[in-house]
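Thanks for coming. Please have a look at the model on the screen before I go through a few of its side chains.

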Amino acid sequence: MSIENAKSGNWVVETFTRSGQVFTLRGSSVGYSSHDQVFKDGDTIPYAAFDDNNNRESGYATVSGNGRVLTPVEVTATLANGVYTDSPAQGLSFPSGGTIACTFNAKAFDTLWEHIYRTDNPHEVLAGQVDQNNPELGDTVQDALDT
């Protein structure tokens, strides 16, 4: 799966342990869903992990192990000991485990994602509305729409 096909769910929060780059999910928090209730193996999901020391990591992960394992594909940000890193080379270790969530409102996420990656003309832009004098937009109206 790629990030373009990412999924999200409502109120998905669990505790975890981490070994290397693998989160092993340990069960949902009270009042929340677990990853295995919402996702299937192979799904790519956004996640946010944190521990009791306010260390945090966010990114995209692949679901496996019947929804009980998350493996980061891309770590997009970390906050470790008060230091924020954008696009870090690796994730945090979380030696005492922590909590991991995927709670982006699923309907809003799916609508946004579909809109971002839609390749037709969702705004019904007319050819006359495209600046034909801008070389950065390509050689044709279709090139400009694709851009």
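Is Glu14 buried or exposed? Glu14 is buried, because its relative accessible area is 0%; buried means under 20%, exposed over 50%, and partly exposed in between, with a 1.4 Å probe and protein chains only.

Before I go on, this is a predicted model, where local features need pLDDT of at least 70, side-chain atom pairs count only at pLDDT 80 or more, and totals for chains, interfaces and linings use all residues. Residues are numbered from 1 along each chain as its sequence is written, and side-chain values use heavy atoms, with hydrogens and water left out.

Back to Glu14, which sits in strand β1, residues 12–19. Strands here are DSSP runs of E, at least two residues, numbered from the N terminus. What does the side chain of Glu14 reach at 2.7 Å? That is the backbone nitrogen of His35. A polar atom of the Glu14 side chain also lies 3.0 Å from the backbone nitrogen of Gly27.

Next, the rings. The structure holds 4 aromatic pairs; rings of Phe, Tyr and Trp (its six-membered ring) pair if their centres lie within 6.5 Å, and planes under 30 degrees apart count as stacked, over 60 as edge-to-face and the rest as tilted. Phe16 and Phe23 have ring centres 4.9 Å apart and planes at 90°, so this pair is edge-to-face. Phe16 counts as buried at 3% relative accessibility, and Phe23 is buried at 0%. Ring pairs join Phe16 and Phe23 with Tyr47 and Phe94 in a cluster.

Finally, Phe104 is partly exposed, with a relative accessible area of 39%.

Key
Helices (H or I, at least four residues) and strands (E, at least two) are DSSP runs, numbered from the N terminus. A polar contact is a pair of N or O atoms within 3.5 Å; within protein, one must be able to donate a hydrogen and the other to accept it, and residues adjacent in sequence count only if both atoms are side-chain atoms.
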